Amino acid sequence: MSKLWQARFFTTVNQLRDLPTTVAPEIAFAGRSNAGKSTAINILTNQKGLAFASKTPGRTQHINYFSIGGAHVGQHRKDPTRLDEIEALLVDLPGYGYAEVSGSAKLHWQKLLGDYVQRREQLAALVLIMDSRRPFTDLDIQMLEWFAPTGKPIHCILTKADKLNRNESTNALRKAEQMLASYVDEDGEGFPFTVQLFSALKRVGIDEANDKIIDLLGLVDVETDPDAVLVDPVDTED
């Protein structure tokens, strides 16, 4: 089983002042509503309902934390999480599709996410979830450009690759690599950006994403159990 399978709900916050005071490294998942972010988190943690997908895009305006380590029974039991034993935190950021959201909520989202990704010292890396059929929307680029000045890694996951044929998949990956390579610092050096294809439905790219996240968090993964039970993916268009 993957170390990510240990993930369990830790806390939810709606203001930066309420962010946990933990010192464990965090990796944040960001993406447009409908890009498949919740599905990706759930399939990587092998839990159907860990990350919640709102039926109304953009409605969930909270930052949700999931802990790895610090618990001594299975993730579905409610024993206390021992703060000093947390090894890492997965952070589910609000989806940024907000056609149905008021102007004040949009401003709150922009400040919350912008400040979090730019200033959170514990944040080790960002996982940017994008639909492989329409990546790098204006809001995806905004997130890239918010985070790039930190110099920290971004790993892009192009979801729903099962909806593309082989040539389309190859082209989508190549164009994404070219897009990311176009970002350079003031010395002309590229940023630590990586990208992969992913399909929860066909279970494509799950091991690659798992290994990358484990590496970015500085964790040591556990030995794979060939008899482990895998959850059925539910691609909810989240």
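Predicted model: local features only at pLDDT ≥ 70, side-chain atom pairs only at ≥ 80, totals over all residues.

Biologist: How many helices and strands does the protein chain have, and in what pattern do they follow?

Modeller: Helices (H or I, at least four residues) and strands (E, at least two) are DSSP runs, numbered from the N terminus. The protein chain has five helices and seven strands, and along the sequence they follow the pattern β-β-α-β-β-α-β-α-β-α-β-α.

Biologist: Why is N64 called buried rather than exposed?

Modeller: Buried means under 20% relative accessible area, exposed over 50%, and partly exposed in between (1.4 Å probe, protein chains only). N64 has a relative accessible area of 17%, and is therefore buried. The residue lies in strand β3 (residues 63-69). Across the protein chain, 49% of the 238 residues count as buried.

Biologist: What makes the pairing of N64 with T12 a polar contact?

Modeller: A polar contact is a pair of N or O atoms within 3.5 Å; within protein, one must be able to donate a hydrogen and the other to accept it, and residues adjacent in sequence count only if both atoms are side-chain atoms. The side chains of N64 and T12 make such a contact at 2.6 Å. For contact in general, the criterion is heavy atoms within 4.5 Å. Leaving aside neighbours within four places in sequence, N64 is in contact with F9, T11, T12, L90, V91 and D92.

Biologist: Why is strand β6 described as largely enclosed?

Modeller: Strand β6 (residues 154-159) has six of its six residues buried, so it is largely enclosed by the rest of the structure. I154, C156 and L158 point one way from β6, while H155, I157 and T159 point the other way, and all are buried.

Biologist: How do you know that β6 pairs with β5 and with β7?

Modeller: Two strands pair if DSSP finds at least two bridges between them. Strand β5 (residues 123-131) is joined to β6 by six bridges, in parallel, and β6 pairs with strand β7 (residues 193-197) over five bridges, also in the parallel sense. On the β7 side, the bridge partner of I154 is F193.

Biologist: What makes the unit of β5, α3 and β6 right-handed?

Modeller: A crossover is right-handed if, with the strands pointing away from the viewer, the path from the first strand over the helix to the second runs clockwise. β5, helix α3 (residues 138-147) and β6 make a right-handed β-α-β unit. The chain then crosses from β6 through helix α4 (residues 166-181) to β7, and this β-α-β crossover is right-handed.

Biologist: What qualifies a set of residues as a nonpolar core, and which residues have the most contacts inside the largest one?

Modeller: A nonpolar core is a set of buried Ala, Val, Leu, Ile, Met, Phe, Trp, Tyr and Cys residues joined through side-chain atoms within 4.5 Å. The largest has 39 residues, and I63, L93, Y116, L128 and M143 have the most contacts inside it. Helix α3 gives the largest share of this core, six residues. A second, separate core of 29 residues includes F66, V127, A200 and I206.

Biologist: Why do N46 and F136 count as buried?

Modeller: N46 counts as buried because its relative accessibility is 10%, and F136 because its value is 14%. N46 lies in the loop between α1 (37-45) and β3, and F136 in the loop between β5 and α3. N46 has a positive phi of about 55° although it is not a glycine. For F136, another residue other than glycine, phi is positive and near 55°.

How values were computed:
Residues numbered from 1 in each chain as written. Heavy atoms only, no water.
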